[in-house]
Amino acid sequence: AVLNIGTAAAKTLRRQIVNQGTVNWQATSGNISTDANNTVVSNTGLFNILNDATFAGDNSTVETFSNTGTGIVRKSTATGTSTFSNVAFNNSGVVEVLSGTLDITDGGTSSGRVTVAAGGTLIASSTAILDNVSSGSHNIAGSTGQAIYDLTGTLATDKPLTGTAAGPVPAALLAASGGAT
């Protein structure tokens with residue numbers, strides 16, 4: 001099944017979306033806000049972000065966007081910023097930033113794969129796993145806890161990297177991160 005979220009007017013999500021097919025958050029669509037105190041999206045299909053809009057929690061509690069298993073959250077087409085704000089973004093599936101910027105401002109968890117293509121930028125305030133990153137920009141701001149980085153590209157972070165390396169760690173990366181242990 002396909003759900004197309006369109007029109008420029010802002011939307012308020014009052015029920016959970018359980019996606020096992022395709023959700024297209026279309027280029028003409030406005031912001032989405034929530035009015036729920038639970039998981040607002042449970043995605044095991046494709047959640048396709050085709051705009052530069054905001055998905056925002058209602059500020060009473062942090063709702064959850066869960067991308068699990070075979071789920072793919074894909075930022076494509078639009079070249080501006082799409083933001084998840086006041087929504088915990090939990091990923092054990094795949095996140096792809098093919099163009100523009102995906103800004104995840106309020107944490108969550110990630111044990112899944114995150115791919116940032118050339119021309120894409122990921123900004124995350126929580127720990128994240130970056131896999132198969134060959135180009136693009138990555139800003140892991142305010143990270144706490146553990147994260148696994150599988151880097152073939154460049155990582156910009158304001159936090160020291162700690163832990164063990166499975167391969168050689170470039171000196172420039174260590175210097176830029178404040179060192180590693």
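A residue is called buried here when its relative accessible area is under 20%, exposed when that area is over 50%, and partly exposed in between, with a 1.4 Å probe and protein chains only. The structure is a predicted model, in which local features need pLDDT of at least 70 and side-chain atom pairs count only at pLDDT 80 or more, whereas totals for chains, interfaces and linings use all residues. Residues are numbered from 1 along each chain as its sequence is written, and side-chain values use heavy atoms, with hydrogens and water left out.

A search of the whole structure for aromatic pairs returns 8 of them, where rings of Phe, Tyr and Trp (its six-membered ring) pair if their centres lie within 6.5 Å, and planes under 30 degrees apart count as stacked, over 60 as edge-to-face and the rest as tilted. The pair of Trp25 and Phe55 is edge-to-face, because the ring centres are 6.1 Å apart and the planes stand at 85 degrees. This pair links distant parts of the chain, with Trp25 in strand 4 (residues 22-25) and Phe55 in strand 8 (residues 54-56), 30 residues apart; strands are DSSP runs (E, at least two residues) numbered from the N terminus. Trp25 and Phe55 are both buried. For Phe65 and Phe84, the centres are 5.1 Å apart and the planes are at 70 degrees, so this pair is likewise edge-to-face. Phe65 lies in strand 9 (residues 63-67) and Phe84 in strand 11 (residues 81-85), 19 residues apart, so that distant parts of the chain are again linked; Phe65 and Phe84 are buried. Through ring pairs, Trp25, Phe47, Phe55, Phe65, Phe84 and Phe89 are joined into a cluster.

Leaving aside neighbours within four places in sequence, the contacts of Phe65 include Val41, Phe47, Phe55 and Phe84, contact meaning heavy atoms within 4.5 Å.

An open sheet of 4 strands has the order 3-6-9-12 with parallel pairing, two strands being paired if DSSP finds at least two bridges between them. Its edge strands, strand 3 (17-19) and strand 12 (87-91), each pair on one side only. Strand 3 pairs with strand 6 (residues 39-43) in the parallel sense over 3 bridges, and Val41 in strand 6 is the bridge partner of Ile17.
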